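Welcome! Here is a short tour for anyone opening this structure for the first time.

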Amino acid sequence: MLNLLGSSKRMCDGVSRRDFLRAGSLGLGGLTLADALRLQAAQAAPASGRGFGRAKQCIVLFLYGAASQLETFDLKPDAPTDIRGPFRPIETSAAGVRISEHLPRLAKQMHRVTLIRSMTHPYPIHCAAYALTGNPLCDIPMELNPRDPRHWPYIGSVVDYVGAARGEKRDIPANVALPWPISSRSRPHKRAGTFGGFLGAGFDPVFTEFIGDSPKGDPFRAVSAEGYLQFTPATAPQPEITLDRLKRRRSLLSQLEDERRRWDRAEAKGALGSYDRVQQMALSLITSDQTREALDLSKEPAALRERYGMTLFGQGTLAARRLVERGVRFATVVWDEFNQSCISGWDTHVRQYPRLTGELLPGLDMALATLLEDLQQRGMLDETLVMVVTEHGRTPQLSAAQEGGRDHWSDVYSCLMAGGGAPGGVVVGASDAHAGQPAEHPVSPKDMLATAYHLLGIHPETEIPDRLGRPLPLVPDGKVDAALIA
């Protein structure tokens with residue numbers, strides 16, 4: 001954004017003055033006047049249904065790779081050994097609800113949690129884009145191409161988009177994802193799911209980056225206290241650009257934008273181009289003390305940081321709490337693959353039990369339990385929807401050939417909700433005796449998303465335009481599930 005005025009492009013290259021002034025309003029992700037009016041009309045409908053708008057903000061903890069239901073939240077102690085595995089269930093603070101013995105801290109917080117044991121869908125692939133968007137289909141080419149034109153926008157991007165249509169003004173981003181753009185620290189695969197989809201890159205989350213070392217070679221296993229998160233370096237000012245110089249550039253850009261908007265008003269055309277958004281957000285991130293301070297975990301007591309866990313997921317979860325506390329509407333923390341895809345993150349094809357006991361379950365236990373307790377103590381839990389999501393589950397049958405690993409399984413798995421209008425201490429749905437199929441109350445990822453929109457005060461009938469301007473429902477195959485609402 002800061003290079004715009006120094007571009008080598010000249011008017012003599014064939015770009016008219018009018019084209020130059022309008023450049024900021026063009027590009028994918030533009031919100032036209034018709035789009036804004038359509039969204040405003042939908043939002044003007046009377047609020048309906050229990051819990052509508054109860055959540056003011058949302059934190060999503062995404063366990064990429066697919067967490068096993070049988071080792072976390074839906075243990076089957078009476079199943080055969082090659083199905084149940086070695087873990088045992090323990091009692092929790094919610095009457096009659098038992099979870100893994102390796103989640104002891106979370107067990108004390110389950111009276112605040114909605115446990116969904118009957119999540120189900122037909123795609124046993126790593127398609128976060130199915131679990132986290134309204135897209136009614138998914139395939140492997142989409143999974144591996146974040147910019148496949150068929151992608152729908154991430155739920156956080158939709159929340160951001162609807163807020164923009166409502167005319168919300170903010171000095172801090174609405175939609176932030178940590179610790180970095182998904183799969184950017186692993187190879188060879190690049191994953192989709194947490195981007196702007198057909199709304200365009202202007203509605204991608206604002207991503208952070210992690211700067212620091214890991215004493216164990218993997219930041220999801222451990223990070224040093226000196227490590228920190230920052231917004232992506234692309235938003236940082238160049239060394240030669242002082243703040244005064246930056247503000248002068250912003251003043252000149254503002255004059256150009258004022259003139260461009262005058263042309264737009266004269267033509268009764270669109271309102272919010274993706275260029276506008278990226279430019280404004282970059283300037284906000286550079287100049288806002290509030291935004292930078294939100295990621296400064298050194299301001300938190302060392303004991304609290306330890307309770308969240310000195311892992312990248314734990315510290316990212318603490319940062320997410322700080323972000324929503326300061327006005328971010330939607331914060332996402334991804335437990336991502338690291339270094340090598342398909343054998344890291346929660347993708348436990350091989351060495352499942354050493355990884356679960358040494359890394360995954362302790363890290364989740366500390367971060368999630370502390371987040372729920374922390375939000376409650378700060379009086380934020382009632383207005384903060386917390387969602388723990390994974391893209392599918394794992395096979396009921398253990399694999400002896402893969403050191404006790406489990407492969408992909410989407411027929412049934414578990415997810416969690418808490419706060420923000422979700423009921424506490426309840427179990428929704430059930431799986432069969434082997435945790436292989438739903439036994440009652442099947443819940444699709446689309447139902448979970450539709451319910452989240454409802455709790456965030458976004459009407460299910462709201463429509464958003466695709467790349468061709470056609471209005472599409474937020475979640476065409478989803479319904480608000482009353483069992484997920486307090």
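Nine strands come together in an open sheet with mixed pairing, in the order S8-S7-S5-S9-S1-S11-S14-S4-S15. Its edge strands are S8 (228-231) and S15 (426-428), each of which pairs on one side only. On average, neighbouring strands of this sheet are turned by 20 degrees against each other, direction ignored. Please keep in mind that this is a predicted model.

**The protein as a whole**
- The protein holds 14 helices and 19 strands.
- Of its 486 residues, 57% count as buried.
- Take the contacts between residues at least 6 apart in sequence: 75% of them join residues at least 24 apart.
- The accessible surface is about 19200 Å², and carbon and sulfur atoms account for 54% of it.

- Strands of a sheet can pair in a parallel or an antiparallel way, through backbone hydrogen bonds.
- Strand S5 (residues 175-178) is covered on both faces. Asn175 and Ala177 are buried on one side, while Val176 and Leu178 are buried on the other.
- With strand S9 (residues 330-335), S5 pairs in the parallel sense over four bridges. Here Leu178 stands opposite Val333 of S9.
- S5 also runs parallel to strand S7 (residues 206-211), to which two bridges join it. In this pair, Val176 stands opposite Val206 of S7.

**An antiparallel pair in the sheet**
- Strand S11 (residues 384-389) pairs with strand S14 (residues 413-418) in the antiparallel sense, over three bridges.
- Val388 is the residue standing opposite Leu416 in S14.

**Cis peptide bonds**
- Pro179 sits in the loop between S5 and strand S6 (186-187).
- Another cis peptide bond links Arg187 and Pro188, with omega about 5 degrees. Pro188 belongs to the loop between S6 and S7.

**Positive phi in two alanines**
- Ala66 has a phi near 95 degrees, a positive value in a residue other than glycine. You will find Ala66 in the loop between strand S1 (57-63) and helix H3 (81-84). Ala66 counts as buried because its relative accessibility is 0%, and the cut-off for buried is under 20%.
- Ala435 has a phi near 55 degrees, again positive in a residue other than glycine. Its place is the loop between strand S16 (430-431) and strand S17 (438-440). With a relative accessible area of 0%, Ala435 is buried.

Conventions
Residues are numbered from 1 along each chain as its sequence is written. This is a predicted model: local features need pLDDT of at least 70, side-chain atom pairs count only at pLDDT 80 or more; totals for chains, interfaces and linings use all residues. Side-chain values use heavy atoms; hydrogens and water are left out. Buried means under 20% relative accessible area, exposed over 50%, partly exposed in between (1.4 Å probe, protein chains only). Two strands pair if DSSP finds at least two bridges between them. Contact means heavy atoms within 4.5 Å. Accessible areas come from the Shrake-Rupley method with a 1.4 Å probe; for residues, only the protein chains shown count as cover. Axes are lines fitted to C-alpha atoms, for helices over the stretch in contact, and angles run from 0 to 180 degrees between N-to-C directions.
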